Amino acid sequence: MSSNMIPFGERDGLLFQADEVANGLKCQCVCPECHRALVAANEGTKVLPYFRHQQQACEGGHAAGVRRKAIELIVAELQLQLPPFSQTISAKTMSGFVIRKTVSFESSLLQTERADAGVKLSGVTADVVLTAGEHQLLVYVRAAKRQDRQKESALLALGVSVLELDLSHLGLETILDKDAFRQVVLFDLRVRRWLHTVRGTMIVERAWQAIQAEIDQRNDLEKQQKLKELEQRRLEREQMDAELDMARARNEALRVASQAARVAAFEAQQKSPEALAERARRESLKQESSRRAEAIVATIRRAIESWGGAGAECQRCYLISEADTEACRYCASTGPFKAVSFTQEYLGSAQARMRSSHKPDTSVAQVPSLSQEPGAAG
């Protein structure tokens with residue numbers, strides 16, 4: 001809708017349609033917004049009667065006229081159809097269970113005792129204040145396409161019910177049809193909405209309280225169930241721990257018994273004739289190996305003292321013979337022999353060397369009995 005097609009002109013404080021006054025400047029009307037002179041266009045055959053500015057057009061003339069006419073109508077009629085209200089609220093329990101409630105009330109016709117236009121309340125002007133008993137309803141009539149957010153916020157801050165009538169999309173034909181305009185302003189639910197409703201807030205609050213009570217009840221039940229589950233798990237863990245302890249005790253008893261059986265078997269085995277004979281044999285070999293070590297050391301000493309440290313080592317009994325010998329005088333072996341030489345210092349450590357050498361054991365293994373002891377050699 002062009003802002004230059006103004007449905008209502010003002011004269012002597014009253015609003016008129018273009019077909020209710022003389023044509024042209026004779027209408028003696030001014031713009032309800034800027035109060036500059038209007039021209040009535042009421043003789044056209046293709047368009048509805050309307051006003052336009054004589055000179056420079058303002059942006060608010062159309063909306064100001066519609067808004068004032070709607071306010072006049074509400075104040076005169078003392079009635080207004082209220083829109084329905086519906087809101088769904090929800091909350092979750094600790095476990096995530098969702099409780100939802102939808103609260104609502106139906107549309108109803110408000111018939112008031114009093115209607116006041118342009119009432120200033122705490123710095124903001126309410127278009128209409130409808131009074132019914134102790135209750136007040138503020139009506140915000142919006143005729144411009146652009147919303148006045150600041151005014152809406154100021155009205156909401158008052159804490160009373162605020163109803164918005166949105167007439168910004170009405171066509172000129174509807175605006176100028178008195179019956180149609182009356183129907184839209186007073187009764188059409190499509191053009192009204194609650195900016196705030198005290199009644200709606202109260203039933204929402206009661207619903208929240210009911211939901212919270214149910215939430216608390218369910219949370220208590222969930223806590224009790226959780227505690228039961230925790231207690232059950234604790235008892236199950238204790239039972240498992242007890243069973244594990246018993247199993248460990250059984251295993252330990254079996255281990256001890258098995259160890260005792262092995263020790264007993266070992267001790268019995270150690271006392272068997274075979275074991276005793278084996279220990280005797282090993283002790284005899286040990287003694288024989290010790291004597292063989294002394295024999296080897298004796299031949300080393302003889303090589304140092306009698307042969308200038310040179311000699312031939314038998315590779316079977318490891319005793320030392322003269323360097324040019326062809327047969328070992330101690331085991332009668334004919335070889336092989338290994339040429340060796342010793343110093344006086346070597347003799348001092350020969351006994352210790354034999355304790356860590358394989359030669360005494362190997363000598364006994366290869367030659368269990370010597371044909372001649374070193375002390376008997378000529």
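Colleague: Where is the place of Glu 152?
Modeller: In helix α2. Helices are DSSP runs of H or I with at least four residues, strands are runs of E with at least two, and both are numbered from the N terminus. Before going on: this is a predicted model, with residues numbered from 1 along each chain as its sequence is written. Local features need pLDDT of at least 70, side-chain atom pairs count only at pLDDT 80 or more, totals for chains, interfaces and linings use all residues, and side-chain values use heavy atoms, without hydrogens or water.

Colleague: Is Glu 152 buried or exposed?
Modeller: Start with the cut-offs: buried is under 20% relative accessible area, exposed is over 50%, and partly exposed is in between (1.4 Å probe, protein chains only). Glu 152 has 7%, so Glu 152 counts as buried.

Colleague: Which residues is Glu 152 in contact with?
Modeller: Contact means heavy atoms within 4.5 Å. Setting aside neighbours within four places in sequence, Glu 152 is in contact with Tyr 140, Gln 147, Glu 164, Arg 193 and Leu 195.

Colleague: Now the sheets. In what order do the 5 strands of the open sheet come?
Modeller: The general idea is that strands of a sheet pair through backbone hydrogen bonds, either parallel or antiparallel. Two strands count as paired if DSSP finds at least two bridges between them. Here the order is β9-β10-β11-β12-β13, with mixed pairing.

Colleague: Which strands stand at the edges?
Modeller: β9 (114-121) and β13 (192-196). Each has a single partner strand, so one side of each lacks a neighbour in the sheet. Neighbouring strands are turned by 35° against each other on average, direction ignored. Axes are lines fitted to C-alpha atoms, for helices over the stretch in contact, and angles run from 0 to 180 degrees between N-to-C directions.

Colleague: Let us turn to backbone angles. What is phi of Asp 12?
Modeller: Near 55°, a positive value in a residue other than glycine. Asp 12 lies in the loop between β1 (9-11) and β2 (14-16). Its relative accessible area is 75%, so Asp 12 is exposed.

Colleague: And what is phi of His 35?
Modeller: Near 65°, again positive in a residue other than glycine. His 35 sits in the loop between β2 and β3 (38-41). At 48%, His 35 is partly exposed.

Colleague: Last, pockets. How much space lies in the largest pocket?
Modeller: About 410 Å³. On a 1 Å grid over the protein atoms alone, a pocket is an open set of points where a 1.4 Å probe fits, with protein on both sides within 12 Å along at least five of seven lines; lining residues have an atom within 4 Å of a point. Points are joined across faces, edges and corners, and the volume is the space filled by probe spheres set on them. The lining has 16 residues, and the closest to the centre are His 135, Gln 136, Leu 137, Ser 161 and Arg 199. β8 (108-111), β10 (124-132), β11 (135-142) and α5 (198-270) each give two or more residues.

Colleague: How does that lining divide by class, and which residues are closest to the centre of the second largest pocket?
Modeller: Ala, Val, Leu, Ile, Met, Phe, Trp, Tyr, Cys and Pro count as nonpolar, Asp, Glu, Lys and Arg as charged, and the others, Gly among them, as polar. The largest pocket has 9 nonpolar, 6 polar and 1 charged lining residues. The second largest pocket holds about 280 Å³. Its lining has 14 residues, and Ala 63, Arg 67, Ala 143, Ala 144 and Arg 146 are the closest to the centre. α1 (61-77) and β11 each supply at least two residues of that lining.
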